[in-house]
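Subject: Structure for you to look over

Hello,

Please find the structure below, followed by notes on what was found in it.

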Amino acid sequence: MAIVQLKDIAQTRSGDKGNTVNVGVFAPNQAIYETFLNQLTAERVKEHFAGLVKGEVIRYELPHIHGLNFVCREALEGGGSASLRLDNLGKCYGANMLRMEIEIDEKLLKV
């Protein structure tokens with residue numbers, strides 16, 4: 001098994017609506033998607049964003065496009081014009097997610 005950052009095997013897309021951020025994570029193939037299903041839990045994503053996401057994190061599975069969508073509530077200290085954060089629109093959450101490390105079978109990295 002190998003430890004890798006998601007940036008080495010995934011793509012992300014993030015955005016916001018009010019005080020809620022959503023982060024989509026996409027695997028390049030079914031085998032890696034199955035690894036994501038096991039390791040990218042809502043609890044783990046909330047832990048990864050500790051200090052930023054104060055509300056619940058909900059995970060939605062998108063199997064036909066090898067994706068997971070995480071909806072993170074209370075993630076922008078009010079959002080948009082209410083927040084004093086530099087990233088008050090949630091655009092950096094996808095890049096931040098790519099720094100998360102997961103354990104993956106080395107055989108899957110050679111595909």
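What percentage of the 111 residues in the protein do buried residues make up? The figure is 42%, where buried means under 20% relative accessible area, exposed means over 50%, and partly exposed lies in between (1.4 Å probe, protein chains only).

This is a predicted model, in which local features need pLDDT of at least 70 and side-chain atom pairs count only at pLDDT 80 or more, while totals for chains, interfaces and linings use all residues. Residues are numbered from 1 along each chain as its sequence is written, and side-chain values use heavy atoms, with hydrogens and water left out.

Overall layout

The protein has 4 helices and 6 strands; these are DSSP runs numbered from the N terminus, with helices being H or I of at least four residues and strands being E of at least two. Read from the N terminus, the order is β-β-β-α-α-β-β-α-β-α. Of the contacts between residues at least 6 apart in sequence, 64% join residues at least 24 apart, a contact being heavy atoms within 4.5 Å.

Strand S3 and its partners

Two strands count as paired if DSSP finds at least two bridges between them. S3 pairs with strand S2 (residues 11–17) in the antiparallel sense over 7 bridges, and Val23 in S3 is the bridge partner of Ser14. S3 also pairs with strand S5 (residues 67–72), again antiparallel, over 6 bridges; here Val25 stands opposite Leu68 in S5.

S2 and S3 make a hairpin with 2 residues between them, and Gly18 in the turn has a positive phi of about 65°. Asn19 is also in the loop between S2 and S3, and is partly exposed at 24% relative accessible area. A polar atom of the Asn19 side chain lies 2.8 Å from the backbone nitrogen of Leu76. Asn19 and Glu77 are 58 residues apart in sequence, yet their C-alpha atoms are 6.6 Å apart in space.

The aromatic pair

A pair of aromatic rings is described by the distance of the centres and the angle of the planes. Rings of Phe, Tyr and Trp (its six-membered ring) pair if their centres lie within 6.5 Å; planes under 30 degrees apart are stacked, over 60 edge-to-face, and the rest tilted. The count by this rule is 1 aromatic pair. Phe49 and Tyr93 have ring centres 4.9 Å apart and planes at 45°, so the pair is tilted. The pair links distant parts of the chain, 44 residues apart: Phe49 is in the loop between helix H2 (42–48) and strand S4 (57–62), and Tyr93 is in helix H3 (residues 93–97). Phe49 is buried at 0% relative accessibility, and Tyr93 is buried at 5%.

Other residues

Thr35 lies in helix H1 (residues 30–39) and is buried at 12% relative accessibility. Leaving aside residues up to four places away in sequence, Thr35 touches Ile102, Glu103, Ile104 and Leu108.

With a disulfide taken as a pair of cysteine sulfur atoms within 2.5 Å, the count is 0. Cys72 is buried, at 0% relative accessible area, whereas Cys92 is partly exposed, at 48%.

Regards

Note on methods. Polar contact = N/O pair within 3.5 Å; in protein donor to acceptor, adjacent residues only side chain to side chain.
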